[in-house]
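Subject: Model handover

Hello,

Here is the model you asked about. Please open it beside this note.

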Amino acid sequence: MARMNMVQALNSAMDVMLERDPRVVILGEDVGFFGGVFRVTDGLQRKYGEHRVLDTPIAEGGIIAAAIGMGVNGLKPVAEIQFADYIYPGFDQVVSELARLRYRSAGEFFAPVTIRTPCGGGIRGGQTHSQSPESIFTHVCGIKVVMPSNPYDAKGLLISSIEDEDPVVFFEPKRIYNGPFDGDPHKPAVPWSAHPRGEVPDGHYRVPIGRAELVREGKDVSVLTYGTMVHVAEAAVRLAGVDAEIIDVRTMAPLDVDTLCTSVCKTGRCVVVHEATRFSGYGAELVATVQEQCFWNLEAPVLRVTGWDTPYPHAFEWEYFPGPARIAAALKQVMEAA
Amino acid sequence: MTPRSRLHVPAPPARPGQEPDFSYVQISPAGAVNRPDVTASVRDIENLALEMVRVLDDEHRAVGPWDPHLEASELQVALRHMLLTRLFDDRMQKIQRQGRISFYIKSTGEEAVAVAQGMALQPGDMLFPSYRQQGLHVVRGRNLVELMCQCLSNTHDMCKGRQMPIMYHWGSGNIFTISGNLATQFPQAVGWAMAAAIKGEDRIAATWIGEGSSAEADFHYAMTFAAVYQAPVILNLVNNQWAISTFQGFAGGEHKTFAQRGPGYGMPGIRVDGNDFLAVYAVTQWAAQRARQSGGPTLIEHVTYRAAAHSTSDDPARYRPKEEWRAWPLGDPITRLKQHLIALGEWSEERHGRLEKELEAHVTACWKEAESYGTLSSGPTLDPLTMFEDVFKEMPSNLVRQREELRALRSATAAERQQPAPPVAKKG
C-alpha cells in the first residue's frame, strides 16, 4: 500500500491501465509533455510515448469526437476535458453520438470512451472553473456518471471506468485533489496522507460502478451526497450533533437505489447534499427516488442543501458553497420535524 | 455621407420562376489540371483547390493526366452500381409516397460520388458517410433487402426499429452508423484514422459531409485534428449547391471554393467534377495513396447538384427554379459514364435498356422479400421490449424494471382485448 493523494491515485490508475492494456490511450489538452494542468497525467507520456498519451488541439468537441472514432477502431480512449466547465463544446458528441452509438446500431458499433474532467468549486475559479454539471449528463441515457470522493475510490473507479465497455463521464472534485476538505476554507489544508482512504494499492483493483458506499453509520437521519460534499457532510454532522448515516453515492448513473433507500427506510429522515445548483439538480432525482421507495417510513420532508441557483461567483464562493452550517441547519430541521 | 457597415445576405442566382443561372460555377476544361505526385507538398498544389479536376470531355472521351485508365469491365460495373442506386432511390421514393415508409432521402444526380469513391477504396477502409451516400452500400455488395428492411423498421431491421429510414450501418462492411445530427461523423472518422495510425495499420478512413453542414464546428475539429496528426483520412465535402432551402453561399461558398479550406488547414484541397465518375475515382485514388503512405489527409470538394428534393419532407419548387437541374452544367453522372462507354464501343443504348429492366426487376424482387418481413404500418415489427436493449452493454436495474413494467402493461392490455365486452347495465 502506498499513500497517495487523489491526483496520484488517478495517475496510478492510468499508469496501471496503460501498462496492462495496449488499447488504452490518453488524450487531452496539455496532458502529454506537460502532464496536465492538475498534473494528473504527469510522467505518462514519458513512460508510454506520444502515441499513447497525446496532447490535443484546444477543441473539446474534437477531443471527444476523436476519442469516439478511436473507440470504434478498437482503442480504449481516456479523454481529459481540462475543466468540466469546458465540456459543452463537446456536448453534442457526448449526447447524440457517444451515448447512443450502441443503441442506434443495435450493438454493432460502440465506443468505450472515458471522459475525465475536474469539477466543483472552492479554488477561486469563478463561474467558468467551478461548475458541477453532473445532472446534465445523468439525464442522458447511455452513459455512466461517476464522482469519487477519495483517492482509493478514485483509482478503483477510474480503472472500472476504463475497463467498462460503455462510455463513462468521470468527474473529479478538484477541491479534494490534494486533501479532504471539510468546508472551512480558513482551516489549514489537510493532506490525504492522514486519511484512511489515502491508502491506495499500487497495482490493479476495481471499485465497482453502480455501488454507493456507507461512509458513516447512524440512526437519526440519512445524508445522501457525493464528491467533496461527503467530507463537508461529515463536518456538518459533527456540528449538528446528530447521529447521521452518510452515504457516498459515488456513481450517479447507474444509481445504487438499494443502498440509499435501505438507509433512509431505516432512519426515516433524509437530507440530500450537492454542490451543484438546486433546480433540476441531481438531488431532485435522489429525493424522487427516496419518496417513491421510502414514503411510509419518512418522518419528515426530505430536504436538499445545494449551491444556489446562480452561477458560481468568484468573490463570494464561500457564501455560495453549501458549507457545514447550511447542512447542519437542514439536519436540525429534519430532526425537529414531526 | 459617413461610411457604414452593411449586412450581406447571400442570395442564390435564381428563385422559383426565374431562369437558372450557374455562371458562378467555375469549370476547368477536361484534362486541363495537372496531376501532381502524391508526395507533393501542400503549398505546391494549391491550384487543385481552385481549378476543377475533370477527365470526361464533351466528346465523352477520357482525357488528361487524371484518367485512371480503368478497364471497360470496371466501368460497366460502375455504371451498374450507379444505375442500381438511382433505381433503388426512385423505388423507395415511390414507396414513401404510398405511405409504406415514413421518410426517404434520394441521392439522384450525386451517384458518382459514393460509387466512384467506394470503388477506389479498399474493402478494409472504414467509411463514415452522411445520409446521401447509399451508393457505398451498393458498391460493397449489400443486399438491398437489408436496406429496405431498415426503412421499413420491420423484423429484419438492422437498427431494431430505433432509427428513421436511411440511417443504415454495416459493421462487417466497414460502413459506420449514420447520425441524424449532421457533421458529427467528420471528426469521428479522423479519430478512427488516428487509431489506425497508432496501431500501424494500412487501412484508411473516408468520410462525407455536405457543403451546408461544413458550417458546423465538427468540420473545423476534423480539419484541425486531421492536419495536426496527419491522419490517414479522406475528407469529402459534397457541394451539391443546396442545403434544404439555403444555397451554398450560406455555407460560405461565395468568396472561396470549399476545397480552398484544405490548404488553409495545411492539407491538399482538390476540387473535382463530382458528376465525372473517372475524375472522382482518380482523385480518391490519389488521396488514398497519399494517406496510406503517411502523407496525411486530403479534402476533396465534389462539385455536384442535388437533383432531387432534400428529402421526402421537402418541396424544392418553393425555393429554386423547378427545372434548375436541367441547366446544371456538369450534367448527369450516369448519362456521362454511359456515353463514355458507348464512345469506347463497350456499351449501347440497347444494353443499357436491358440493364435497367434487369435492375428494376431486382429492386422489385428485393422489395417483395423485404415487405414479407413486415412493415411499420401493418407489422409484424420486433417486440417493443427490445427498446430497452443496447442502451448499455448490460442492462442496468432501472431498465430491467421499466422493461417489466411495459411487459406487464402489454399483457394486461392483451388480456383485456381477449375478454368479451362487459354487458351493458340496464336501468331497472
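First, the ground rules. This is a predicted model: local features need pLDDT of at least 70, side-chain atom pairs count only at pLDDT 80 or more, and totals for chains, interfaces and linings use all residues. Residues are numbered from 1 along each chain as its sequence is written, while chains are lettered from A and ligands numbered from 1 in the order in which they are written.

Domains

Domain bounds come from an automatic or database domain assignment. Chain A has domain 1 (2-200) and domain 2 (213-336). Their centres, taken over C-alpha atoms, are 25 Å apart. The two domains touch through 29 residues of domain 1 and 30 residues of domain 2. Contact here means that C-beta atoms, placed from the backbone, lie within 7 Å. On the domain 1 side, the elements giving two or more residues are α6 (134-138), β6 (144-146), α7 (151-163) and β7 (168-173) of chain A. Helices (H or I, at least four residues) and strands (E, at least two) are DSSP runs, numbered from the N terminus. That side has eleven nonpolar, twelve polar and six charged residues. The classes are: Ala, Val, Leu, Ile, Met, Phe, Trp, Tyr, Cys and Pro nonpolar; Asp, Glu, Lys and Arg charged; the others, Gly among them, polar.

Chain B splits into domain 1 (42-372) and domain 2 (384-417). Their C-alpha centres lie 39 Å apart.

Chain A against chain B

The contact takes 35 residues from chain A and 36 from chain B. On the chain A side, α3, α4 (91-98) and α5 (101-104) each give two or more residues. The largest share, nine residues, comes from α3(A). By class, this side holds 17 nonpolar, eleven polar and seven charged residues.

Helix packing

Helix α3 (residues 60-72) of chain A packs on α5(B) at about 55 degrees, with the axes 6 Å apart. Axes are lines fitted to C-alpha atoms, for helices over the stretch in contact, and angles run from 0 to 180 degrees between N-to-C directions. The angle therefore makes α3(A) oblique to α5(B). Under 35 degrees counts as roughly parallel, over 145 as roughly antiparallel, 65 to 115 as roughly perpendicular, and the rest as oblique. Among the residues that meet are A:Ala65, A:Ile68 and A:Met70 in α3(A), and B:Val190, B:Trp192 and B:Met194 in α5(B). The residues of this contact divide into twelve nonpolar, four polar and no charged.

Within chain B, helix α5 (residues 185-199) packs on helix α6 (residues 217-228) at about 20 degrees, with the axes 7 Å apart. So α5(B) is roughly parallel to α6(B). B:Phe186, B:Pro187 and B:Val190 in α5(B) meet residues of α6(B) including B:Phe219, B:Tyr221 and B:Phe225.

A sheet in chain A

Five strands form an open, mixed sheet in the order β9-β11-β10-β13-β14. Two strands pair if DSSP finds at least two bridges between them. The edge strands are β9 (213-216) and β14 (303-307), and each pairs on one side only. β9(A) runs antiparallel to β11 (residues 244-248), over three bridges. A:Glu213 has A:Asp248 in β11(A) as its bridge partner. Helix α12 (residues 324-336) packs on the sheet, touching β10 (221-225), β11, β13 (270-277) and β14 of chain A. The direction of α12 makes about 170 degrees with that of β14(A).

Best wishes
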